[in-house]
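Subject: Structure handover

Hello,

Here is the structure for you to open. My notes on what turned up follow below it.

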Amino acid sequence: MSKTTKGAAATPTRFGLTTGSVSENIMRRLKDIYADPTKGLVHLASLADSKLLVPAEKLSVLLVGNHSAGKSSFINWYVEEHIQRVGVAMETSGITFVTSGKKRETLTGLATLELFPQYKDLQTICKLSSISTEVASSKSRHFPMLTFIDTPGLVDGDVHYPFDIERSIQWLAARVDLVLVFFDPMGQALCKRTLDVVERFYSDGHSAKVHLYMSKADDVPLEKDRQRVLMQITQNLCKRPGLNQYGFDLETIYIPSEHNALSTCVNQIDELCKEFEKNINLMVQNTLNRLEEDCSKVANGLQQSVAAAELASLVASRRKTGFGAAIVLLLALLFFTLAAQLDALLGVRVPQLSILYNAAPSLGHQNLLYFQGIALFTLFAITRLWPRRPALSPEQLRTRRQQIKAVSLLVEERNSLYSEYLQDAVPPSQH
């Protein structure tokens, strides 16, 4: 298998994608676009009273199956490192995340949930002591863009699990991208617990992400015996009310080695690896498409906040004008009232106000004062009780406009990333 060292050029793998690939770099950049604490899209969305989630950088793959079905062996083979213990005994007793990192390391439950915050609620079902992560530095195949989730082997009878295994598996299945179910052909393939879990996958609407495999197929040397086992598994699946309405494929896989190099058994493990590649490509495309939609959503929200701030500023300006006019009228009313009092008490008439005394003789001077007072009070109430909207300061308004421009730059970067992705998938010479 091809590997690359740090700083080396990307090298094509046997399955088409490159290690240190364009897709890997694009997903890393997309995560930065969303997660940057000061100018990321998640932060900008919060300013527009909206909420966005940082997209997953890696494809998540849940492995489920009966005891000794080869789940851990498959992970070790794919990663090309001995990460998970394998054997006849129940080696995997908890839920183990296997992901790519800078160095080999084991993380406990709390550290695992910090690394994968989207799975934090798992601790309400599964004990923290039963959750862990194995970090490997392998660059084999597509491993840098995958996170495997290994689960304990399922067995019937009185076997005690330290947590609610079925509920934990169903909870994870609703949140991962792919679910691989391994059936061991040597007597355990008809495990009722495994069949129950698979039936629940389909009844919960996860059929599109579930893939079924008869693992260790080379352990059945004769083709007729393999076909009999495949038929038996298929029949037991179809007997389930929640499964008989679905069509599904049951493919045969086994870990290639020098011991089975001459086996005539069809090994579809390469097709399984290509399924990873296909879903990685879909993940990149879907995230790029989502970025465009999220940018539009955030830009509209920010533009609405700017428009609301400008309206609030206009309303505030008019309120100040109205309040100033009310003060002027109040002073005029006081002066007019004082002049009227001087005329009534002392017979002193202010010549400049004679036109006001004669303006409405039918109303009477006292009624005119009342009318003006009511009008003034109404105007004053309108200017003071008009609904207030929180306005942005000029500096905040300028920053908000800069943020709108920043979102438009993210759209341009998205277009550039999409172009880079398409050029890698379909070089210009092949257009």
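Start with Glu80, which is placed in the loop between H3 and strand E4 (95-100). Helices (H or I, at least four residues) and strands (E, at least two) are DSSP runs, numbered from the N terminus. Glu80 is not a glycine, yet has a positive phi of about 65°. That phi comes just after H3. Glu80 is partly exposed, because its relative accessible area is 28%. For that term, buried means under 20% relative accessible area, exposed over 50%, and partly exposed in between (1.4 Å probe, protein chains only).

Before you go further, two notes on how to read this. This is a predicted model, in which local features need pLDDT of at least 70 and side-chain atom pairs count only at pLDDT 80 or more, while totals for chains, interfaces and linings use all residues. Residues are numbered from 1 along each chain as its sequence is written, and side-chain values use heavy atoms, with hydrogens and water left out.

**Confidence**

pLDDT is the predictor's confidence in each residue, from 0 to 100. The protein averages 79, and 72% of the residues score at least 70. Residues 1-19 stay under 50. The model has 39 contacts beyond four places in sequence for residues 1-19. A contact means heavy atoms within 4.5 Å. Residues 359-363 also stay under 50, with one contact beyond four places in sequence. Where pLDDT is low, the predicted coordinates should not be read in detail.

**Overall picture**

The protein has 431 residues, and 44% of them count as buried. Its secondary structure comes to eleven helices and ten strands. Take the contacts with a separation of 6 or more: residues 24 or more positions apart account for 76% of them. The accessible surface comes to about 23,200 Å², and 56% of that belongs to carbon and sulfur atoms. Accessible areas come from the Shrake-Rupley method with a 1.4 Å probe; for residues, only the protein chains shown count as cover.

H3 is mostly covered, with eight of its nine residues buried. Among them are Phe74, Trp77 and Tyr78.

How many aromatic pairs does a search of the whole structure find? The search finds 16. Rings of Phe, Tyr and Trp (its six-membered ring) pair if their centres lie within 6.5 Å; planes under 30 degrees apart count as stacked, over 60 as edge-to-face and the rest as tilted.

Take Phe74 and Tyr78. Their ring centres are 6.0 Å apart and their planes are at 35°, so the pair is tilted. Both residues lie in helix H3 (residues 71-79), four residues apart, about one turn of the helix. An α-helix has 3.6 residues a turn, so residues three or four places apart point the same way. Phe74 and Tyr78 are both buried.

Tyr78 also pairs with Phe148. Here the centres are 5.5 Å apart and the planes are at 80°, so this pair is edge-to-face. The pair links distant parts of the chain: Tyr78 is in helix H3, Phe148 is in strand E7 (residues 146-150), and 70 residues separate them. Phe148 counts as buried because its relative accessibility is 0%.

Which residues do ring pairs link into a cluster? They are Phe74, Trp77, Tyr78, Phe143, Phe148, Phe182, Tyr213 and Phe276.

**Charges over rings**

A charge sits over a ring if NZ of Lys or CZ of Arg is within 6 Å of the ring centre and within 35 degrees of the ring normal. Arg141 lies over the face of Trp77, 4.0 Å from the ring centre. The charged end of Arg175 sits over the ring of Trp171, at 3.8 Å from its centre.

**Other residues to look at**

- Thr151 lies in the loop between E7 and helix H5 (165-173). Thr151 counts as buried because its relative accessibility is 0%. A polar atom of its side chain lies 2.6 Å from the backbone oxygen of Leu63. A polar contact is a pair of N or O atoms within 3.5 Å; within protein, one must be able to donate a hydrogen and the other to accept it, and residues adjacent in sequence count only if both atoms are side-chain atoms.
- Lys216 has a positive phi, near 50°, in a residue other than glycine. Lys216 is in the loop between strand E9 (210-214) and helix H7 (223-238). Lys216 is partly exposed, with a relative accessible area of 27%.
- Gln303 lies in helix H8 (residues 269-346). Gln303 is partly exposed, at 42% relative accessible area. Gln303 and Ala48 are 255 residues apart in sequence and 8.7 Å apart in space, C-alpha to C-alpha.

Best wishes
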